[in-house]
Amino acid sequence: MSTKRTAPSSPGPRSSTRSSSRARKSPPSAPDSVAAELAAQLNLGPKSAQALVAAGITSLEELRSLGSVAAYVTAKQHTPAATLNLLWALEGALSSLPWQTVAHEHRTSLLLALEQYQNGG
């Protein structure tokens, strides 16, 4: 004798609070939209762009004027969890190279420049 299993009945209608909060999703805040714009423009990831915005670097022009090393140090002060991958990404954004290429081919020169910058030179 075979028994047919029935699917559990679906719960009743969801509360209107939950569904209406999704419907009324607010537009991204100004820092979020700036970060998204930077990420798209510079081919950076969202976390890299957010670290820049947190540091007050909101345009390609500002990044260019600072340079990748100074921008990295500034961003690291505001986002302590930032890693050297941010430095590679910033240099890649300025040189139009993939961050992986920068990490592989320019690592030593960037680390020396970072050390010199941090030592006040």
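Trainee: Which residues of α5 are buried?
Mentor: In this predicted model, the buried residues of α5 are L86, L87, W88, A89, L90, G92 and A93.

Trainee: Where does α5 run, and how many residues has it?
Mentor: Helix α5 covers residues 84–95, which is 12 residues. From its first C-alpha to its last it reaches 17 Å, close to the 16 Å expected at 1.5 Å a residue.

Trainee: What follows α5?
Mentor: S96 follows α5, and its phi is positive, near 60 degrees. S96 has that positive phi although it is not a glycine. It lies in the loop between α5 and α6, the latter being residues 99–105.

Trainee: Is S96 buried or exposed, and why?
Mentor: S96 counts as exposed because its relative accessibility is 68%, and the cut-off for exposed is over 50%.

Trainee: Back up a bit. What secondary structure does the chain have?
Mentor: The chain has seven helices and zero strands. Written from the N terminus on, the elements run α-α-α-α-α-α-α.

Trainee: How much of the chain is buried?
Mentor: Buried residues make up 29% of the 121 residues in the chain.

Trainee: And what share of the contacts comes from residues 24 or more positions apart?
Mentor: Such pairs account for 38% of the contacts in the chain with a separation of 6 or more.

Trainee: On to S68. Where is it?
Mentor: S68 lies in helix α4, residues 60–78.

Trainee: Buried or exposed, and why?
Mentor: S68 is buried because its relative accessible area is 5%, and buried means under 20%.

Trainee: What does S68 touch?
Mentor: Not counting residues up to four places away in sequence, S68 touches L87, L90, E91, L94 and L110. L87 and L90 are among the buried residues of α5.

Trainee: Which side chain makes a polar contact with that of S68?
Mentor: The side chain of E91 does, at 2.6 Å.

Trainee: What kinds of residue make up the lining?
Mentor: The lining of the largest pocket divides into 11 nonpolar, nine polar and one charged.

Trainee: Tell me about α3 then. Which of its residues are buried?
Mentor: The buried residues of α3 are S48, A49, A51, L52 and V53. S48 is also one of the residues closest to the centre of the largest pocket.

Trainee: What comes after α3?
Mentor: α3 is followed by G56, whose phi is positive, near 85 degrees.

Trainee: Where is A54?
Mentor: A54 lies in α3, which covers residues 46–54.

Trainee: Which residues does A54 touch?
Mentor: A54 touches H78 and T79, leaving aside residues up to four places away in sequence.

Trainee: How far apart are A54 and H78?
Mentor: A54 and H78 are 24 residues apart in sequence and 6.2 Å apart in space, C-alpha to C-alpha.

Technical notes:
Residues are numbered from 1 along each chain as its sequence is written. This is a predicted model: local features need pLDDT of at least 70, side-chain atom pairs count only at pLDDT 80 or more; totals for chains, interfaces and linings use all residues. Side-chain values use heavy atoms; hydrogens and water are left out. Helices (H or I, at least four residues) and strands (E, at least two) are DSSP runs, numbered from the N terminus. The expected span of a helix is 1.5 Å times one less than its number of residues. Buried means under 20% relative accessible area, exposed over 50%, partly exposed in between (1.4 Å probe, protein chains only). Contact means heavy atoms within 4.5 Å. A polar contact is a pair of N or O atoms within 3.5 Å; within protein, one must be able to donate a hydrogen and the other to accept it, and residues adjacent in sequence count only if both atoms are side-chain atoms. On a 1 Å grid over the protein atoms alone, a cavity is a set of points where a 1.4 Å probe fits but cannot get out, and a pocket is an open set with protein on both sides within 12 Å along at least five of seven lines; lining residues have an atom within 4 Å of a point. Ala, Val, Leu, Ile, Met, Phe, Trp, Tyr, Cys and Pro count as nonpolar, Asp, Glu, Lys and Arg as charged, and the others, Gly among them, as polar.
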